[in-house]
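Please keep the structure open while reading.

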Amino acid sequence: MNESRVSDAEDKESRKPGRIRDLRARQSVRIIDKLATKVITIGGLFVILAVLGIMAFLVAVALPLFAGETITGSGVFRVAAPRSALLSVEVDDYNTIAVLVSKNGVLTPVHASTGKPLRPLKLDFGGTPASAFGRTLKGGNVAFGFPDGTVRFGKIVFRTQVLPAERVPKGLTKIDERDFTDGKVVYSRIPGDQMRKIWVEAEVKEPQEVAPQGTPIVKLAYKVGGTPERPSISFATVDAGGVARLSLTETKVNLLTGQTTSSVESVVLPDLPPGTRIVDILLTEKADKVYIGVEKGFLLRYDTRNFDAITLVEKRDLLPMDEKLTVFKALIGEESIVVGGSKGYAGIFFQARRPGAATSDGLVMVRGHELERHAASVSGFSASQRSRMFATMDSGGNVWLRHATSESTLLRFKVKEMANGPGRLIRLSPRDDAIVATDEKGVVNFWKFEAEHPETTFQTLFGKVWYEGYPKPEYTWQSSSGDDAFEEKISLIPLIFGTIKGTVYSLIFAIPIAVLGAIFTSEFIGPQVRSVVKPAMEMMASLPSVVLGFVAALILAPIVETWIAAILLTFMLIPFLLLLSAYLWQVMPPRVSLPLSGFPKLGLVFFVIILGSLLGYLIGPGFERLLFGGDFKAWANGNIGIATPMLFIIFYPASFILVAFLAERFLGYEWRQKLRRMAHSRGALFELLRWGGMLVAAGLLSWVAAVTLTALGLDARGGVIDTYVQRNALVVGFAMGFAVIPIIYTIAEDALNSVPSHLRAASLACGATPWQTALWVILPTAASGIFAAVMIGMGRAVGETMIVVMAAGNTPVLDWNIFSGLRALSANIAVELPEAVKDGTLYRVLFLAALVLFAMTFVVNTIAEVVRLRFRKRAAQL
Amino acid sequence: MKAKEPKKRKEKKKAEMPVPEADLDNYMEPGPEAAQTLEAEKSPPGRTGLRASLDFKARGEPFVWIMGGALALGVLMIIGFLALVLWNGIVTFYPGPVEVVTLKNGQRIAGEPFRSESFRPSDEQLKGVDPESRRAIREADGFASRTLYRIGNFDIYNEDFKWAVAHQVARTETPPGIFFVERREWGPFIGFIKTLTLDGRRIPGEKVSLDALYAAHDEAVDRREAVREIEVDEIGAINYYIEEDRLALRRTELDYGKNSAEYRTEKEKFERQTKERRAGFAVLKKRISAINQEDEKYKITLTEIGGREKRLRLSEIVRLYPANNLSLFGKIGVYFSRWGEFLTDDPREANTEGGVLPAIFGTVMMTLLMVVFVAPFGVVTALYLREYAKQGTLVSIVRICVNNLAGVPSIVYGVFGLGFFAYTIGIRIDQLFYPEKLPNPTFGTGGLLWASLTLALLTVPVVIVATEEALAAVPRSMREGSLACGASKWQTIRNIVLPQAMPGIMTGLILAMARGAGEVAPLMLVGVVKLAPELPFDSFFPFLHPERSFMHLGFHVYDVGFQSRNSEAGKPMVFVTTLLLITIIAFMNAFAIMVRNRLRRKFVEGQF
């Protein structure tokens, strides 16, 4: 109708003489056309780029994990040399002030990055210079040991205060772009028009006698635990006579006067030969362990949980034969001990529970990490206050920043302008972003650096790592803890394994059902049945996975747990009953069976399955009692029963296939020749008997195999079948089947359907049965399409999140046990990312996990897509 | 070996030269297509002498049955699953009787039977059991049955549910006077009415008439609603404006500094306005306390089965009914009233009770917003790929990529959405436009907008693929006809191609919506919360607040099922929510099919 009007108008126009039709397109049309082209092209390219940009973004976020650490600044300067040797050097949180602590109690603060001196402080040591120094890792608590056998506690703390810019006093000296000083306090300009004020405060308390009068204290370890209101102070000392003591300080507050009185109790550590040259003594915060490092290269571990009965638990060699111990210090958490040798050895030891340990507490010290060697004797050490980083220095002046878990050397510095020899000290700053090194002459080297993700290397993410307290190197994921001392375990392997485990078990369940169902739908039932069944299966695809997960975890998991034996039985009964009914169906004369081959036959299949489930439910408990000692869970845990029945079940399918193969190979042809001459029903009965015979034969074979292997010591438990957990891979596989079956089914059915019907017709016309046609004509043609379907289903299973989050129990285990849980990449991201700090290590590792997941599905999907396109092309050509 | 088989058979056949025979009895079963031909073949009588060989292997009956079994199992799984959800979802709100169970040890439990199951008592549980029951259990292969009762009264018992094991039950009765009382707090109360105080008058329980009780309760509910309205709407508005003023003040501070004249005037204004607004509070509070005073006169005292009493205001009760003497109509009334509450009310008690209106709202808003993003971009991309781009290797690679992206796990999109939209773009937006709210993020955290964009990204491949297929299906002749008539490319696309492809595009869009509505994993990262304080849509300018976090039905299922105090108590809620979610998605899918069919018909008619 539209057209006729147009043509009318044209006619009218063409009839008018003298008027030439304007054939040019209107300007507006042209502009709109051009505009549309531009918009669509730009829009299209934009969306494609945006979608592809996802990968680029994930890479961009994850990449800093592998980026190296960078040095952002350094400085060398000389301060007025202290009059006596140095005990320690301290730095504040913002790397503004460095304080040199010398033996006579003089503290020399300097501006850390320029070396500008600030007003010195003096601690009152009563005239005697200190002979030993100890400090807690955090909090600025220090302790000094003296030649007269006394110990003084004190504090060297950096005070910080943030002020509005206008409240800063006038007349400050400018140090650099950021900092100003009045000689004592340093003011730093910080964002938001504010100033940060930093200064040093120090105090020292009255001496407390530890060693007998006149025995100098040479080594001191100092710990403050408990709460700020009720601190528990403990310290360990070594005196010049080689006697080591553990001392506890008890502080009592008099409620009436408010006065605090403290008393010291000391115990001499046993089994320490006099004159042992002790390198260092270490103490845990709870004062339940003391380690002594001896110069000859071994350590002594004391159990001090019972203060009145301290025992030497273990003596452990630390170093290669010809090396002397030079550094013996603890990392944060006081579990890992860094050991340095006179020839540059560096290693980390911690205690771990190992079978066959000869010690009284079952723990032994193990060498968890062997680190890169220094070229010369290791002389200096400083541990981080917040991570497992530490710095070591050798006598050649090389300062290395290292990380314990990843065993990597992050940065290497070389001191400048320093004299050789002992007395050089290093300190890692509280925020892990600077190192200060000094020597006796007052030369200070200062380096600033950035170490964002020192713990992530390819090895820690994908390799085995020996974590603190573990008996051996392992793949472990354990990311979150509120404690700095916790060693982060970020191996992605357990998560990748969990993803693969979930995928494999769901596909074992889904592929047979989906593919066989698709073949049946496409080849063996009429269009009217298919038009009902196919949409029903497709509907399952749009079920939200959160619903599947909920049903799996809260409804299915408890049922499966109670009825596990019955469910296993049902899975065996259903195929058996189906085959039985198939053989019985054959017995029916075709005159009867042929008209029933549509809906009624399918209905019978349904009935058989329901019957199988019902039978499983009814005889399940009996089956359990017969084969698994009445309690499958206890059996799976290995508490009761023997392995033979399960082995029998496992071997049965293989035996049946073997028996069937042999029967076909040696008797098949003759058997068929015989049947050929028989009447239909008689032949079918013989066929049924043959099948029964094969079942029995396979049963016998399988039983013999099971008994033999049990006698040989093989147990079905311990691999795929092991300890039962309520939320397990079986439940996940089943629930994920719901998500995967419709996808595989639909795509496979489409592939089977798109095999040109003339092939089917030709095959049937040549006299092939539908079964032969399906097996030898349709399946080979559609095989690549079915493969693609399976791959796409696999892609979905790999990425499925909610089902795994809810039904898998989320334990990062590394075993194939079908009755234990798993933690998949996707679930892990969903659970941990909301709590991860932006740009933190965990955040980036989770982005890496997402990238791994993306890559896994991308590979699988691309294979599927390429295969599918090829199949389509081939199907079109046929 | 199988490949060899036919050859071998052929040779032997040749040797024997079997006469081809066809006996109907031995006819191999053909497929359904062949069934008709078979009927036709039956009639010629001359062919009965022919006989086909009887070969069961060729028929493959057992294999066919196994395949049929696979299909049937698949279908049964769906049916079973849907039946489970439907049944549980539909039955949940139907009021059951309240049973009083007296155990053999004298303990009494009053509660609604929740579910029964057979279980395997452990040895410890079997210790105190009398020998008779023990024998019965042994005969049942160690299984015993038990019933879970919803006993309510959480504030008294500290548990919501109690198992009654069948062999321990002495007798079960359904006393007529027992009430099921749904409270706003502490979950349901199951017990008897001891006294009812109406307007200060005390009426003993046995004299309470139901009609009077219901009337008084309705009034109390009205009062509660009135208080709520004042609290949420009026006080909420005041708070909202005070906050707006504060932000304006902070903005001036950031723009001009604290010492500027602008800041001082603004501050003065702020203080004056806030004072005025605060004055409004007092009036409202007075109104609330007046209502509350009235409310105090209407009270009810309940006693649980053990005799312990609980006194509460009538307005604290959501619904109450005498569970055991409720007529069928009464039950249906309670049933629909519960559905009404579910669909139109806010959640209570950590989401395990009350309604899901905010979640429905959030789901719908997010899905609609997602369609707004996904429709133009998806269609434009498909147009570009199909109509504008040169068809070559590059485009087919892009096509594989797009197809591929449809299979990328949704959680990956969630990670991207969080990292890119919220943490990269959102934080930038906050710095530029909302500096006064910092450090509280506005767009710099998950929210409705980011969630819809993430889901749009997730579903755009679906739309692209569907649109491309629809575009490809438009016959070339139509395009060429249009171009030959002098239409420009865009005119052709707009007037010929797009209308033709519309059914396909619509289907793609609605399928994308259905997928988007059911997706939960990415939302957990980009803005879904357990309980949103404010809807993303309200009466304050600009009405739609795309930066707010929101509630979602799918997440509600996860949250109530897994994060709540007692997953058993949440289960009914989860089932009903599940039912609702599945219904919404099923409706969307059905709608997609309907639209497709309708448009197809329309365009079929329009074709020439």
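## A loop residue in chain B

B:Asn158 lies in the loop between α7 (154–157) and β5 (161–165) of chain B. The model is a predicted one, and in it the phi of B:Asn158 is near 65°, a positive value in a residue other than glycine. Because B:Asn158 has 7 C-beta neighbours inside 10 Å, and a residue with 12 or fewer is classed as exposed, B:Asn158 counts as exposed.

## Chain B and helix α10

Chain B contains 19 helices and 14 strands, and 36% of its 608 residues count as buried. When contacts in chain B between residues at least 6 apart in sequence are considered, 72% of them join residues at least 24 apart.

Helix α10 of chain B covers residues 328–344, and its 17 residues should span 24 Å at 1.5 Å a residue, which agrees with the 24 Å that separate its end C-alpha atoms. Within α10(B), the residues B:Val334, B:Glu341 and B:Phe342 are buried. Seen down the axis of α10(B), the buried residues fall within an arc of 100°, so they line one face of the helix. On the other side of α10(B), the exposed residues are B:Leu328, B:Phe329, B:Phe336, B:Gly340 and B:Thr344.

## Where chain B meets chain A

How many residues of chain B are in contact with chain A? There are 94 residues of chain B in contact with 107 residues of chain A. On the side of chain B that touches chain A, the largest share, 20 residues, comes from helix α4 (residues 61–91) of chain B. Sorted by class, this side of chain B has 62 nonpolar, 22 polar and 10 charged residues.

## A four-stranded sheet in chain A

Chain A has an open sheet of four strands in the order β1-β32-β31-β30, with antiparallel pairing. Its edge strands are β1 (70–78) and β30 (425–428) of chain A, each of which pairs on one side only, and the twist from one strand to the next averages 15°.

Strand β1(A) is joined to β32(A) by eight bridges, the two running antiparallel, and A:Ser74 has A:Trp447 in β32(A) as its bridge partner. Strands β31 (residues 434–438) and β32 (residues 443–450) of chain A also pair in the antiparallel sense, over five bridges. In this second pairing, A:Val436 has A:Phe446 in β32(A) as its bridge partner, while A:Thr438 stands opposite A:Val444 in β32(A). The strands β31(A) and β32(A) form a hairpin with four residues between them, and A:Gly442 in the turn has a positive phi of about 90°.

The loop between β30 and β31 of chain A holds A:Asp432, which has a positive phi of about 55° although it is not a glycine. Is A:Asp432 buried or exposed? With 21 C-beta neighbours inside 10 Å, where 20 or more are needed, A:Asp432 counts as buried.

Strand β28 (residues 398–403) of chain A is mostly covered, since five of its six residues are buried. Strand β27 (residues 389–394) of chain A is joined to β28(A) by five bridges and runs antiparallel to it, with A:Leu401 in β28(A) as the bridge partner of A:Ala391. The hairpin of β27(A) and β28(A) has three residues between the strands, and in it A:Gly397 takes a positive phi near 85°.

Strand β28(A) also pairs with strand β29 (residues 409–414) of chain A, in the antiparallel sense and over five bridges, and there A:Trp400 stands opposite A:Arg412 in β29(A). These strands, β28(A) and β29(A), form a hairpin with five residues between them, and A:Glu407 in the turn has a positive phi of about 60°.

A:Leu556 lies in helix α6 (residues 545–587) of chain A and is buried, with 20 other C-beta atoms within 10 Å. Leaving aside neighbours within four places in sequence, A:Leu556 is in contact with A:Val551, A:Val731, A:Phe734 and A:Ala735. A:Leu556 and A:Arg727 are 171 residues apart in sequence, yet their C-alpha atoms are 9.5 Å apart in space.

Technical notes
Residues are numbered from 1 along each chain as its sequence is written. Chains are lettered from A and ligands numbered from 1 in the order in which they are written. This is a predicted model: local features need pLDDT of at least 70, side-chain atom pairs count only at pLDDT 80 or more; totals for chains, interfaces and linings use all residues. Two strands pair if DSSP finds at least two bridges between them. Axes are lines fitted to C-alpha atoms, for helices over the stretch in contact, and angles run from 0 to 180 degrees between N-to-C directions. Two residues are in contact if their C-beta atoms, placed from the backbone, lie within 7 Å. Ala, Val, Leu, Ile, Met, Phe, Trp, Tyr, Cys and Pro count as nonpolar, Asp, Glu, Lys and Arg as charged, and the others, Gly among them, as polar. The expected span of a helix is 1.5 Å times one less than its number of residues. The arc is that of the directions from the helix axis to the C-beta atoms.
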